[in-house]
Structures are given as structure tokens and as C-alpha cells.
Amino acid sequence: MVTSKSPNFSQNPSLQALGLNKQKKLSHLHFYFHDIVSGPNPTAIWVAQTPTSKKSPTLFGSIAMFDDPLTVGPEKSSKLVGRAQGIYGSASQSEDALLMTMNLAFVEGKFNGSSLSVFGRNAVVEAVREMPIVGGSGVFRFARGYVQARTLKFNATSGDALVEYDVFVFHY
């Protein structure tokens with residue numbers, strides 16, 4: 001019989017030890033998401049489809065990977081504040097609704113090097129969509145909140161889109 005002292009599987013660390021003894025803050029971030037699927041340098045590409053995806057009016061089952069720029073203004077040339085990196089897939093057989101999982105990785109200001117994780121349903125034809133923030137890193141460790149997305153431009157021929165994002169997030 002082998003015996004040894006087992007390490008604890010679970011602990012209750014103090015908030016101070018994790019650097020979380022501060023009061024929670026609410027931050028509002030505002031930026032523009034450029035989803036570019038056309039041209040020589042797309043920022044979103046389709047990576048998977050089922051045999052029936054192209055027959056579906058919603059492209060049900062299609063999955064795209066993206067690395068979209070986030071800018072301070074609606075112009076592509078506007079100052080870059082981060083990148084939206086993740087996957088979206090057509091998750092509805094009856095409406096244009098995506099399952100989105102993405103990290104909003106920031107490269108500017110006090111949020112440089114920090115990210116927010118978003119996971120939720122994006123019914124792209126609705127004027128305003130709300131998706132939950134399920135976590136984050138860096139400044140946004142233990143983050144909770146939501147994003148609101150509004151499509152400002154969509155080119156049905158190219159598939160390119162410009163989406164305005166308002167982010168409301170609690171963090172330490």
C-alpha cells in the first residue's frame with residue numbers, strides 16, 4: 001500500500017492574494033468591428049461547411065474564423081484599439097443567427113494586453129444584439145458584462161460588414 005500526503009484539490013484563496021481586494025469598476029468601451037470577407041486580405045474566412053450548408057438560406061452549419069480589427073472610428077483607417085479573434089457559425093436553420101465565441105484583444109491605452117471573452121447568440125438582422133461577456137484577462141480578470149452590437153453597413157455582395165460595439169463590463 002502506497003501512502004502519501006495528497007495536495008488539496010480545492011482551496012479558498014483570499015481576494016487580496018489574487019489582487020482582487022479593490023472595488024469593482026464599470027467600464028464602457030465603444031469601438032467599430034470590421035468583418036472583411038472579401039478581397040485579397042480578408043479578416044474572416046469560412047473554414048467549414050456541411051454538404052447542405054450552401055442549400056440552406058441561413059448557411060446553417062457553416063463556420064468562420066476571424067481576426068477582425070477594432071477601431072476607434074468607423075473608417076478602416078481609424079486608430080486600431082484591438083482585434084476581435086474567434087469563431088462564428090450559422091446556428092439557426094430558420095433565421096440569420098450566429099453562435100459567436102470571441103476574444104476582444106486590446107492593444108491600446110490602459111487595456112493594452114487585456115482581453116474580454118464573449119460567447120453568445122448574434123441574430124445579425126436585429127437592429128441591436130446583446131451578447132454576454134463571460135470572462136477576461138489582464139485588467140479584465142473575472143470580468144462580467146455584455147456587449148451590444150449594431151450593424152452599420154453590410155454589403156450583401158461581398159459579405160463585408162461594419163458593426164458598432166458598445167461594451168459594458170464590470171472588472172476589478
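Modeller: A residue is called buried if its relative accessible area is under 20%, exposed if over 50%, and partly exposed in between, with a 1.4 Å probe and protein chains only. The model is predicted, so local features need pLDDT of at least 70, side-chain atom pairs count only at pLDDT 80 or more, and totals for chains, interfaces and linings use all residues. Residues are numbered from 1 along each chain as its sequence is written, and side-chain values use heavy atoms, without hydrogens and water.

Colleague: What share of the residues in the protein chain is buried?

Modeller: The protein chain has 172 residues. The buried ones make up 38%.

Colleague: How many strands does the protein chain have?

Modeller: Helices (DSSP H or I, at least four residues) and strands (E, at least two) are numbered from the N terminus. The protein chain has zero helices. From the N terminus on, its elements run β-β-β-β-β-β-β-β-β. The number of strands is nine.

Colleague: Which residues have the most contacts inside the largest nonpolar core?

Modeller: Such a core is a set of buried Ala, Val, Leu, Ile, Met, Phe, Trp, Tyr and Cys residues joined through side-chain atoms within 4.5 Å. The largest one has 29 residues. Strands S1 (25–35) and S5 (97–106) are among those that each supply at least two residues of this core. The residues with the most contacts inside it are Leu104 and Tyr165.

Colleague: Which valines does Leu104 touch, leaving out residues up to four places away in sequence?

Modeller: Contact here means heavy atoms within 4.5 Å. Leu104 touches residues including Phe31, Leu70, Arg83 and Leu116.

Colleague: Which residue in S9 stands opposite Val147?

Modeller: Two strands pair if DSSP finds at least two bridges between them. S8 (144–154) and S9 (161–171) both supply residues to the core. S8 and S9 run antiparallel and are joined by 10 bridges. Opposite Val147 stands Val167.

Colleague: Which residue in the turn between S8 and S9 has a positive phi?

Modeller: S8 and S9 form a hairpin with six residues between them. The phi in question is about 90°. The residue is Gly159.

Colleague: Which residue in S8 stands opposite Ile133?

Modeller: S7 and S8 pair in the antiparallel sense over five bridges. They form a hairpin with six residues between them, and Gly138 in the turn has a positive phi of about 65°. Opposite Ile133 stands Gly145.

Colleague: What percentage of contacts between residues at least 6 apart in sequence join residues at least 24 apart?

Modeller: The C-alpha atoms of the protein chain fill a box of roughly 65 × 50 × 30 Å along the principal axes. Of the contacts asked about, the share is 48%.
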